Amino acid sequence: LGPTIDDITLASVARFFGLELYKDQALVKKVEACWKQFHKSFCPKIQYKQALVPKGALVIPNPVGSASGIEITTSYNNETRHIFLIPGPPREFEPMMDNYVVNKLVALEGDNTIYTLGFLAFGMGESFLSRIVEGLVDQEVLEIAYTASSEGTKLFLSGKDKDLILSTLENINYDDYLD
């Protein structure tokens, strides 16, 4: 969502869904204000790319950067689609996700929250860890995922019941499985 030539997400999404882009004057002023905060020169034309919005879309406020987010509600394959375009830098992305997108998704979908808790089992391979965990986890209720690394295996448990995830992890006694 930035100003450079490689920032093609907004244009690509707009083209795919047949949405016309327009220059939002409030965002033009925001882009200029952000530019003036760090530069003494006039705002370059390329920066105004961050003021483009698809017609009918909502602007997601970005209190710490010049590129605002965009929320698009459209139809594709006869289904309503909700698309959120958010700037990539973590200091911008994370607050926008936490303060807008997550709340919007919960409102759209109801309480279908999925919790994930992960940890690193240092020095354990995937197959060893799977023998311990898979016997303790109701896999119809919780999802298990593993990621091998040079330090050990990362284990992730996901599901709707946060307390069940926590109690499952608390009940794992690795000492019972060590030789």
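Start with Asn-62. Leaving out residues up to four places away in sequence, Asn-62 touches Lys-30, Ala-67, Ser-68, Pro-87, Glu-92 and Met-96. Contact here means heavy atoms within 4.5 Å. Asn-62 sits in the loop between E3 and E4. Helices (H or I, at least four residues) and strands (E, at least two) are DSSP runs, numbered from the N terminus.

Is Asn-62 buried or exposed? Asn-62 is buried, at 4% relative accessible area. The cut-offs: buried is under 20% relative accessible area, exposed is over 50%, partly exposed is in between, with a 1.4 Å probe and protein chains only.

Now its polar partners. The Asn-62 side chain reaches the backbone oxygen of Ala-67 at 2.8 Å. The Asn-62 side chain also makes a polar contact with the side chain of Glu-92, at 2.6 Å. A polar contact is a pair of N or O atoms within 3.5 Å; within protein, one must be able to donate a hydrogen and the other to accept it, and residues adjacent in sequence count only if both atoms are side-chain atoms.

A word on the model. It is predicted: local features need pLDDT of at least 70, side-chain atom pairs count only at pLDDT 80 or more, and totals for chains, interfaces and linings use all residues. Residues are numbered from 1 along each chain as its sequence is written, and side-chain values use heavy atoms, with hydrogens and water left out.

Next, the sheet. Three strands form an open sheet in the order E3-E4-E5, with antiparallel pairing. Two strands pair if DSSP finds at least two bridges between them. Strand E3 (58–60) and strand E5 (79–85) are the edge strands, each pairing on one side only. From one strand to the next, the twist averages 30°. Axes are lines fitted to C-alpha atoms, for helices over the stretch in contact, and angles run from 0 to 180 degrees between N-to-C directions.

E3 and strand E4 (residues 69–76) pair in the antiparallel sense over three bridges. Val-59 has Ile-70 as its bridge partner in E4. Helix H3 (residues 90–109) packs on the sheet and touches E3, E4 and E5. The direction of H3 makes about 170° with that of E5.

Ile-70 comes back in the core. Which residues of the largest nonpolar core touch the most other members? Ile-70, Ile-72 and Leu-85 do, in a core of 17 residues. H1 (9–17), H2 (25–38), E4 and E5 are the elements that give two or more residues to this core. The largest share, four residues, comes from H2. A nonpolar core is a set of buried Ala, Val, Leu, Ile, Met, Phe, Trp, Tyr and Cys residues joined through side-chain atoms within 4.5 Å.

Last, charges. The structure holds two salt bridges. A salt bridge is a side-chain nitrogen of Lys or Arg within 4 Å of a carboxyl oxygen of Asp or Glu.

One joins Glu-20 and Lys-55, with the closest N and O atoms 3.5 Å apart. Glu-20 lies in the loop between H1 and strand E1 (21–23), and Lys-55 in the loop between strand E2 (52–54) and E3, 35 residues apart. Glu-20 is partly exposed at 49%. Lys-55 is partly exposed at 49%.

Glu-71 and Lys-104 form a salt bridge with the closest N and O atoms 3.4 Å apart. This pair links strand E4 to helix H3, across 33 residues. Glu-71 is buried at 2%. Lys-104 is partly exposed at 26%.
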